[in-house]
Amino acid sequence: MQFVSTRGESQHLDFSDVVLGGLATDGGLAMPENMPKIDQATLKEWKNLSYTDLAFNVISLFSKDIPAEDLRKIINAAYTEEKFGIEEIVSLSALDEDYVVGLSNGPTFAFKDMAMQFLGELFPYLLEKKDQHLNIVGATSGDTGSSAIHAMRGKPRINVFMLSPNGRMSPFQTAQMYSVQDANIFNLAVEGVFDDCQDLVKALNNDAAYKAKNALGAVNSINWARILAQIVYYFKAYLAAVKEVGESVDFVIPSGNFGNIFAGIYARAMGLPIRKLILATNENNVLDEFFKTGIYRPRASKDVHLTSSPSMDIAKASNFERFIYLLLGAEKTRQLWQQIDEQGYFDLTKDPIWQDRQSWGIESGQSLHENRVETIRKVYDAFNVVVDPHTADGIFVAAQYKDAGIPQLYLETAKPIKFAETVREALGFEPERTADFANIEALPQRFEVLPVDVDVLKQYIVKQLS
């Protein structure tokens, strides 16, 4: 299995090189050269597998350069009951015929743990094999950073420089990141929004000389290993929810950077019987706008709304490029992203692919703060289940596309304790915390405030590594 760039101008690479490399040298994102196909007979064989066995079967299709025995050890170390609290790793909570897919059982209570715990075991293995060190530079709107930090803290051969938007995360998210004191973790509070953080990370990756000299890597969902680990839980959720393999379901995905839904798009293309993928945005509705109008227009940083589902306060969806690549190929993808650079948007309405958009099986919608609050209240009143505001985004939007007899599987974003203020507004009480997180906001915090300036960031990283 070799990997190519969405823009078609980078060399073919093995899985290990793609994992350690982040962005492709031409500015694109890594994609498998060939797509593995899973038939119904294989799905039936997988139906009752443990999470680790299922993960091995999926991930091994893409990681041919890692010996099977080593891959099993990596996966078994990543997905343990000790880390996730439950043996099954992924849980299902029934809401009539529908389900909330519990993806936030990991150490930071966010779905990002599902991929990041895998990377936390994979990176040290690869670095030891290659006798290398890696300096991870990432951007977060709240959950990726925390998951990455807690997966990589204290790991050999790794430093983490995590950029987050100063003052734009929930207090719990902020404390969960900034209270980590390990010497290999560097929290950088950027005086901007998430997209500014993401742009800084891309600028570093696009400086080939700086990237090579300072051994930069990525844990954002631009890293294919992140997408790959997320593909696994689509298979697990489907196989756990259906009585018979072959039944159709809809998946509901709150998404800002398009990574979570792209994993579902890819899982369906591999053969998973998903009828529709329903994308939910908040007030930052760039993706909903595209699926409604055919125009993809990333917003300027100043136009990003601060919302009560802050992990989706994103106006440039990095993984959207992978979707366009699947639709149109590398040459057209490269041209479209050139259009974004030149005019700020592209318009697919005159392309024949837009006329065929019903075949994509993707619906979309957005919710507002009052919709989230009302949905949290309704779900609790009906089912005694508390959901976080991002998951509420999904449930609200999904109701617009509900068809009787087709289960909707709502992908959970995080545990509600991470967004206690919104839950309190909806329900009149805050979700109960475990003892180890009771006073997390009061812990000492270690971070640096930086401007939106790539040269300042470069100098900071070099100083820490010297």
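**Cavities, pockets and backbone**

A: By the grid rule, five cavities of 30 Å³ or more are counted. On a 1 Å grid over the protein atoms alone, a cavity is a set of points where a 1.4 Å probe fits but cannot get out, and lining residues have an atom within 4 Å of a point. Grid points are joined across faces, edges and corners, and a volume is the space filled by probe spheres set on the points. This is a predicted model, in which local features need pLDDT of at least 70 and side-chain atom pairs count only at pLDDT 80 or more, while totals for chains, interfaces and linings use all residues. Residues are numbered from 1 along each chain as its sequence is written, and side-chain values use heavy atoms, with hydrogens and water left out.

Q: How much space lies in the largest cavity?
A: The largest cavity holds about 250 Å³. Its lining comprises 24 residues, and those closest to the centre are Phe111, Lys112, Asn257, Ser311 and Ile314.

Q: Which helices supply at least two residues of that lining?
A: They are α7 (143–152), α11 (224–241) and α12 (259–270). Helices (H or I, at least four residues) and strands (E, at least two) are DSSP runs, numbered from the N terminus.

Q: How do the lining residues of the largest cavity divide by class?
A: Seven are nonpolar, 14 polar and three charged. Here Ala, Val, Leu, Ile, Met, Phe, Trp, Tyr, Cys and Pro count as nonpolar, Asp, Glu, Lys and Arg as charged, and the others, Gly among them, as polar.

Q: And what lines the second largest cavity?
A: That cavity, with about 50 Å³ of space, is lined by Ser141, Pro165, Arg168, Val193, Phe194, Val304, Pro310 and Asp313. Five of these residues are nonpolar, one is polar and two are charged.

Q: Turning to pockets, what is the volume of the largest one?
A: The largest pocket has a volume of about 570 Å³. A pocket is an open set of points with protein on both sides within 12 Å along at least five of seven lines. Of the 27 residues lining the largest pocket, Asp17, Gly21, Leu23, Thr25 and Lys211 lie nearest its centre.

Q: Which element gives the most to that lining?
A: Helix α1 does, with five residues. At least two residues each come from β1 (3–5), α1 (15–21), α9 (194–206) and α10 (208–213). By class, the lining of the largest pocket has 13 nonpolar, 11 polar and three charged residues.

Q: What about the second largest pocket?
A: Its volume is about 420 Å³. Among its 18 lining residues, Arg7, Asp199, Lys202, Trp337 and Asp341 are closest to the centre. Two or more residues are given by α9 and by α15 (330–343), and α9 gives the most, with five. The lining of this second pocket has eight nonpolar, four polar and six charged residues.

Q: On to the backbone: what is the phi of Phe109?
A: Phe109 has a positive phi of about 65°, although it is not a glycine. Phe109 is placed in the loop between β4 (98–102) and α6 (113–130).

Q: Is Phe109 buried or exposed?
A: Phe109 is buried, at a relative accessible area of 12%. Buried means under 20% relative accessible area, exposed over 50%, and partly exposed in between (1.4 Å probe, protein chains only).

Q: And where is Asp131 found?
A: Asp131 is in the loop between α6 and β5 (134–139). Its phi is near 55°, a positive value in a residue other than glycine. Asp131 counts as exposed, at 58% relative accessibility.
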